[in-house]
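Subject: Structure handover and findings

Hello,

Here is the structure you asked about, with its sequence. My notes on what was found in it follow below.

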Amino acid sequence: MSYVPLELERPIQVDRIYSVHYFEYGPDYSFMGESHDFWEILYVDKGEVYVTADQEEKLLKKGQMIFHRPGEFHNVRATGKDAPNIVIISFECNGEAMKFFESRVSSAGDNERVLMARIVEMAGAAFDTPLDDPLAQKLERRETVPFGAEQIIAISLEYMLIELIRRGENGAAARPTSLIRERSQNEFLARVQQYLEANIQRRLTLSDICRDNLVGRSYLQKVFREKTGGGAMEYFGNLKIKKAKEMIREGSHNFTEIAAMLGYNSIHYFSRHFKKVTGMTPSEYASSVKVLARRGRGEE
């Protein structure tokens with residue numbers, strides 16, 4: 001039997017990326033403008049901005065994105081009323097399908113926001129170039145990166161573009177039902193939990209979590225309280241203590257080393273937090289582990 005392969009059609013294919021930025025601008029920010037020979041997406045994560053595409057100025061609100069085609073002059077400025085946060089992704093993608101995005105303004109749904117956040121997250125993990133450096137013209141790879149991080153960026157971007165084209169061809173997306181909303185919240189929670197686990201060694205703030213996951217503080221706290229019974233920072237703190245208990249049981253590090261590896265400012269703060277969560281100091285917990293081990297071996 002001789003099998004004949006089928007070459008897959010890929011109307012949207014991203015092979016090169018020029019930049020991924022997450023900017024937190026002041027209310028008086030203004031960028032004079034530029035043009036270049038690749039595509040650019042500007043997404044408003046917070047606030048509002050004025051964007052010029054060629055000669056037409058448009059007001060973009062939170063959750064909206066605009067596409068700048070290759071060669072199109074564009075600029076951006078804050079409205080003067082609030083401090084906007086924006087994501088900018090520039091990339092190379094050729095083909096007839098990309099004509100759909102010429103000077104297009106789209107609203108991001110739940111799926112697009114998740115994909116946008118994944119792109120920003122993976123860019124932060126894959127590249128040493130700061131995401132908030134407006135002068136960066138080249139992405140520098142980190143020495144060690146999560147496996148497949150760059151491919152996840154490409155896949156997420158391609159998927160987002162395909163979904164937007166499909167939605168545009170089929171009309172506005174249907175209003176989410178409660179079941180779809182529930183699934184969306186569960187997927188969001190799982191993604192943020194994965195992010196917190198991957199960054200357990202950092203001293204994250206609530207603002208860091210919101211920025212890196214492209215989510216508002218109120219929605220983040222709402223989902224975590226509904227799904228876990230506490231806020232995101234409480235969950236992150238409990239995650240650290242869970243990991244600390246595991247490290248104590250393994251016995252490979254002392255308390256000072258564990259505190260440093262989990263991002264605590266000092267051994268004293270680590271001990272206070274450990275006791276607050278577990279009811280025991282790290283020393284008392286270590287002793288209890290040893291007692292249980294002896295009992296398990298039949299020793300007194």
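**Salt bridges and helices**

Glutamate 121 and arginine 118 join their side chains in a salt bridge, 3.6 Å from N to O; the term stands for a side-chain nitrogen of Lys or Arg within 4 Å of a carboxyl oxygen of Asp or Glu. This is a predicted model, in which local features need pLDDT of at least 70 and side-chain atom pairs count only at pLDDT 80 or more, while totals for chains, interfaces and linings use all residues. Residues are numbered from 1 along each chain as its sequence is written, and side-chain values use heavy atoms, with hydrogens and water left out.

Helices (H or I, at least four residues) and strands (E, at least two) are DSSP runs, numbered from the N terminus. An α-helix has 3.6 residues a turn, so residues three or four places apart point the same way. Glutamate 121 counts as buried because its relative accessibility is 18%, and arginine 118 counts as partly exposed at 24%. The cut-offs are under 20% relative accessible area for buried, over 50% for exposed, and partly exposed in between (1.4 Å probe, protein chains only).

Helix α1 covers residues 110–126, and its 17 residues should span 24 Å at 1.5 Å a residue; the end C-alpha atoms are 24 Å apart, which agrees. The expected span is 1.5 Å times one less than the number of residues in the helix. Buried residues in α1 include Leu115, Met116, Ile119, Val120 and Met122.

In total, the structure holds 18 salt bridges. One of them links the side chains of glutamate 150 and arginine 141, at 2.5 Å from N to O. Glutamate 150 is partly exposed at 33% relative accessibility, whereas arginine 141 is exposed at 61%.

Lysine 222 and glutamate 226 form a salt bridge too, with their closest N and O atoms 3.2 Å apart. Lysine 222 and glutamate 226 are four residues apart in helix α5 (residues 217–228), and therefore separated by about one helical turn. Lysine 222 counts as partly exposed at 39% relative accessibility.

**Aromatic rings**

A search of the whole structure gives 11 aromatic pairs. Rings of Phe, Tyr and Trp (its six-membered ring) pair if their centres lie within 6.5 Å; planes under 30 degrees apart count as stacked, over 60 as edge-to-face and the rest as tilted. Tyrosine 18 and phenylalanine 38 are stacked, because their ring centres are 3.8 Å apart and their planes are at 15°. Tyrosine 18 is in strand β1 (residues 16–24) and phenylalanine 38 is in the loop between β2 (30–34) and β3 (39–46), so the pair ties together parts that are 20 residues apart in sequence. Tyrosine 18 is partly exposed, with a relative accessible area of 30%, while phenylalanine 38 is buried at 14% relative accessibility.

Phenylalanine 100 and phenylalanine 101 make an edge-to-face pair, 5.1 Å centre to centre with 90° between the planes. Phenylalanine 101 is buried, at 0% relative accessibility. Over the ring of phenylalanine 100 sits the charged end of arginine 104, 3.8 Å from the ring centre; this requires NZ of Lys or CZ of Arg within 6 Å of the ring centre and within 35 degrees of the ring normal.

One aromatic cluster is formed by Tyr264, Tyr269, Phe270, Phe274 and Tyr285. The charged end of lysine 240 sits over the ring of tyrosine 264, 5.7 Å from its centre.

**The sheet**

Five strands make an open sheet in the order β1-β8-β3-β6-β9, with antiparallel pairing. Two strands pair if DSSP finds at least two bridges between them. β1 and β9 (105–107) stand at the edges with a single partner strand each, so one side of each is left without a neighbour in the sheet. Strand β6 (residues 64–68) and β9 run antiparallel and are joined by three bridges. Within β9, serine 107 is the bridge partner of glutamine 64.

Regards
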